[in-house]
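Subject: Structure handover

Hello,

Here is the structure I promised to pass on. Please open it beside this email and follow along.

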Amino acid sequence: MAHVKLLERPTKLARVTYLVDAVVGRGGINRRDDVLLVQFFLNALWGTKPDKQTVFGGNGPAPRIDGDCGPETINAITVFQRWYWQLPAQGGFADGRVEPLPLGRMFGPLRDMPYTIVGLNANYGSEFGSDRHALLSKEPNFPNELKPKLFVAN
């Protein structure tokens, strides 16, 4: 179940982090609530950067927030990973998966890159501010069915 966790050391970008409990994307468990959270982040960040060379997801409409992890969502995750990890459009390793964050880890063991869920949280906080990030459930397009499921864990 998607959840929110207070950060022990808040930053200017975030005081909390929103996490998934199971893999979302290619070959993942794709629990509906986890998928909705990832889709919300992808939708909110789609096309927000002003520099056309670095616009995340610059072509086409923003991914839907429907709880179904189909090709559109997997593609959006891959596009985000390539943009976030600064990978070439062809090649590089973008797996189309948002993994749960292991306790005490921010960087993946294989590529030593931040986990995708960390990137989604950090970029939302950077783009919209830590206050809006902390109150994500107040956003107009935040999925209603997620609001009662989010809880704060230490």
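Let's begin with Arg-32. Its relative accessibility is 41%, so Arg-32 counts as partly exposed. This is a predicted model, so please keep that in mind as you read.

**Salt bridges**

How many salt bridges does the structure hold? There are six. Arg-32 takes part in one of them, with Glu-145 as its partner. Their closest N and O atoms are 2.9 Å apart. Arg-32 sits in helix 1, while Glu-145 sits in the loop between helix 4 and strand 5. The pair therefore ties together parts that are 113 residues apart in sequence. Glu-145 has a relative accessible area of 34%, so it is partly exposed.

Next, look at Asp-131 and Arg-15. They form a salt bridge too, with the closest N and O atoms 2.8 Å apart. This pair links distant parts of the chain, 116 residues apart. Asp-131 is in helix 4 (residues 130–134). Arg-15 is in the loop between strand 1 (3–6) and strand 2. Arg-15 is partly exposed, at 35% relative accessibility.

Arg-97 bridges to Glu-99, and here the closest N and O atoms are 2.9 Å apart. Both residues are partly exposed: Arg-97 has a relative accessible area of 22%, and Glu-99 has 25%. Elsewhere, salt bridges with shared partners join Arg-64, Asp-66 and Glu-72 into one network.

**The nonpolar core**

Which residues touch the most other members of the largest nonpolar core? They are Leu-37 and Leu-120, out of 33 residues in that core. Helix 1 gives the most, with nine residues. In soluble globular proteins, nonpolar side chains tend to be buried together.

Select Leu-120 and look around it. Leaving out residues up to four places away in sequence, Leu-120 touches Val-38, Phe-41, Leu-42, Leu-45, Phe-80 and Val-98.

**Thr-116**

Is Thr-116 buried or exposed? Its relative accessibility is 6%, so Thr-116 counts as buried; the cut-off for buried is under 20%. Thr-116 lies in helix 3, which covers residues 116–128. Set aside its neighbours within four places in sequence, and Thr-116 is in contact with Phe-80, Gln-81, Trp-85, Arg-97 and Val-98. Arg-97 is the salt-bridge partner of Glu-99.

Now find Asn-30. It lies in the loop between strand 3 (24–25) and helix 1 (32–45). Its phi is positive, about 55°, although Asn-30 is not a glycine. Most residues other than glycine have a negative phi. Asn-30 is partly exposed, at 22% relative accessibility.

**Confidence**

How far can you trust the details? The protein chain averages a pLDDT of 83, and 84% of the residues score at least 70. Where is confidence lowest, and where is it highest? It is lowest in strand 5 (residues 152–153), at a mean of 46. It is highest in strand 3, at 97. Where pLDDT is low, the predicted coordinates should not be read in detail.

Best wishes

Definitions and conventions
Residues numbered from 1 in each chain as written. Predicted model: local features only at pLDDT ≥ 70, side-chain atom pairs only at ≥ 80, totals over all residues. Heavy atoms only, no water. Helix = DSSP H or I, 4+ residues; strand = E, 2+ residues; numbered from the N terminus. Buried < 20%, exposed > 50% of the residue type's maximum accessible area, 1.4 Å probe, protein only. Contact = heavy atoms within 4.5 Å. pLDDT = per-residue confidence, 0-100. Core = buried A, V, L, I, M, F, W, Y, C linked by side-chain atoms within 4.5 Å. Salt bridge = Lys/Arg side-chain N within 4 Å of Asp/Glu carboxyl O.
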